[in-house]
Amino acid sequence: MKKRDELVPVLFSDCRISVGVNEWPKRQTFIDVEELSISSIKYALGDSSKVSVSPDDGHAVFEVLDNGLCISTGLTVILGKRSSGKSYTLDCINEQFENAKYIKQFDLLSTDNLSDQRQFEQTLRTQGDSVAETFLAPFKLVVEDVKGIELFQDEQDVEKYLTALKKAASEAERRDVFAKCSLFQESMFSLKDLTSLEDLINAVDILLHNTEYRDIVSRYLHRNMLFKLAIDLREHYIQERGRILLMQYTNDIVDSIQRELQVRSSNTPIPEIDFYNILLNREKVKKFVDIAKQVKKKRIIKMNNLYIYRIVTKAEPFKGAQTLQRIIKSKMVFSDAFSKYDDEYEYLQMLKKKEDLPSSEYYKFFAHITHEVLNKYGTPASGGERSEYNLLQQLNNASRCDILLLDEPESSFDNIFLKDGVNILLRELSQNIPVVIATHNNTIGASLHPDYLIYTDKEIKNDGEIKYHLYYGYPSSKTLTDLEGNSISSKDVMLDCLEAGEIAYNDRRHSYEILNN
């Protein structure tokens with residue numbers, strides 16, 4: 001049943017229903033038609049979406065407007081002449097839904113190629129931001145870790161320490177009473193970082209409070225043992241935290257005394273210096289440079305396919321200072337910073353000098369993330385192809401809405417694209433949400449095999465009042481009925497609206513037969 005090009009499968013029974021037969025065959029074929037006739041059965045059997053083996057499958061109709069107009073839970077097509085009320089009817093339906101996707105006529109058609117391209121690129125960037133953020137997330141953590149490192153300041157501190165050390169050594173034999181005090185050169189306590197312990201406590205809490213995967217966790221970790229672990233970790237944290245507070249308090253006292261002694265002493269004090277931290281900073285910068293070079297390498301991050309189009313997200317080095325401005329949409333000058341682009345650490349220092357540049361954005365200025373839509377030939381999409389992609393993207397996002405309304409897509413796109421691209425998506429969407437399309441094109445109106453039809457007709461009365469007549473019914477039915485009980489031939493509606501009348505239809509069919517022969 002899911003193979004579009006195959007015949008629709010049906011179940012037949014040799015059961016003969018007669019008076020007194022109370023049990024029907026368990027296996028039956030159900031068809032979605034309004035009236036029982038040979039023509040309606042043939043119409044239904046030509047479309048697998050209208051055939052099922054369960055009475056619960058298929059689509060139903062529901063009232064959508066207060067005047068009694070109904071549409072299908074599947075695919076409804078609105079037909080009618082120009083200015084007959086098709087768009088007006090879509091507008092009315094749209095007002096009934098808070099979460100409707102309404103694609104109006106000409107909305108996606110390109111008018112100004114340059115502005116359209118800019119808007120298209122901006123839309124792609126917006127859609128690809130999550131991909132870029134995922135790719136750069138680990139690098140962002142690295143930048144956050146090294147952006148506060150000042151290697152020049154570290155070198156100055158070492159130089160200052162060595163100078164003071166040599167001077168203090170030369171003054172060792174003539175130390176005054178203040179310099180001889182034990183606290184004059186006392187080292188401070190090194191305070192322990194409890195971040196890893198805090199992370200461990202949080203991780204245990206997650207294991208304890210997670211309900212979705214509790215069964216899996218309990219197979220390997222007994223819940224009582226997790227409670228004990230959580231308590232032990234907290235007790236250890238309290239001890240460590242208390243020890244740190246005492247050390248901090250002691251450091252504050254020692255620092256206060258040292259400042260008093262150094263003010264009174266004529267001897268040179270040796271400044272505190274953390275050689276381990278200085279060496280660690282150097283190693284961090286080395287790793288940062290290695291990682292930044294890897295991030296800048298040209299590569300394809302992600303590829304997605306949508307119909308004949310391929311959406312490619314790439315990372316590559318920035319080629320100039322102007323491209324940096326597009327990251328934050330600012331006229332900020334980056335030429336001075338970009339001159340250091342190949343020296344990753346110095347480049348970061350130049351970015352830090354930009355006062356108006358948030359430090360949280362530094363990581364975005366190392367790799368240029370681009371998003372591109374390629375056509376079936378592998379080349380960038382043209383103006384018309386961009387419009388096609390926009391429509392496909394809009395349709396793809398419509399599944400999150402309660403209903404999709406589409407107004408005459410044939411006004412902007414050719415029939416091949418409509419048949420091979422749009423129709424498939426519309427059929428798939430109509431399995432989950434109601435889809436309503438206004439059209440006068442046979443590629444959309446007939447090839448889609450709609451579940452329900454609406455025909456609009458405008459009447460201008462003698463007093464100038466405009467009245468819209470709405471006929472609706474199943475496409476397999478011979479007639480459509482309006483809200484007042486009037487009827488109109490379904491065949492006439494289809495031929496007039498989609499084929500420009502029966503004469504024109506027969507003429508085209510005759511021409512095609514001649515070419516075929």
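1. Basis. This is a predicted model, in which local features need pLDDT of at least 70, side-chain atom pairs count only at pLDDT 80 or more, and totals for chains, interfaces and linings use all residues. Residues are numbered from 1 along each chain as its sequence is written, and side-chain values use heavy atoms, with hydrogens and water left out.

2. Strand S11. This strand spans residues 435–438. Helices (H or I, at least four residues) and strands (E, at least two) are DSSP runs, numbered from the N terminus. Both faces of S11 are covered. Val435 and Ile437 are buried on one side, Val436 and Ala438 on the other. Buried means under 20% relative accessible area; exposed is over 50%, and partly exposed lies in between (1.4 Å probe, protein chains only).

3. Partners of S11. Two strands pair if DSSP finds at least two bridges between them. Strand S5 (residues 75–80) pairs with S11 in the parallel sense, over four bridges. Here threonine 76 has valine 436 as its bridge partner. Strand S10 (residues 403–407) also runs parallel to S11, joined by four bridges. On that side, leucine 404 is bridged to valine 435.

4. Aromatic pairs. The structure holds 14 of them. Rings of Phe, Tyr and Trp (its six-membered ring) pair if their centres lie within 6.5 Å; planes under 30 degrees apart count as stacked, over 60 as edge-to-face and the rest as tilted. Phenylalanine 139 and phenylalanine 366 make an edge-to-face pair, 5.3 Å centre to centre with 75° between the planes. Phenylalanine 139 lies in helix H3 (residues 113–146) and phenylalanine 366 in the loop between helix H11 (344–352) and strand S9 (367–374), so the pair ties together parts 227 residues apart in sequence. Phenylalanine 139 counts as buried at 2% relative accessibility. Phenylalanine 366 is buried too, at 0%.

5. A second pair at phenylalanine 366. Tyrosine 347 and phenylalanine 366 are also edge-to-face, at 5.2 Å centre to centre and 85° between the planes. Tyrosine 347 sits in helix H11, 19 residues from phenylalanine 366. Tyrosine 347 is buried.

6. The ring cluster. Ring pairs link Phe139, Phe288, Phe318, Phe338, Tyr341, Tyr347 and Phe366 into a cluster.

7. Charges over rings. The criterion is NZ of Lys or CZ of Arg within 6 Å of the ring centre and within 35 degrees of the ring normal. The charged end of lysine 296 sits over the ring of tyrosine 341, 4.1 Å from its centre. Lysine 354 lies over the face of phenylalanine 334, at 5.7 Å from the ring centre.
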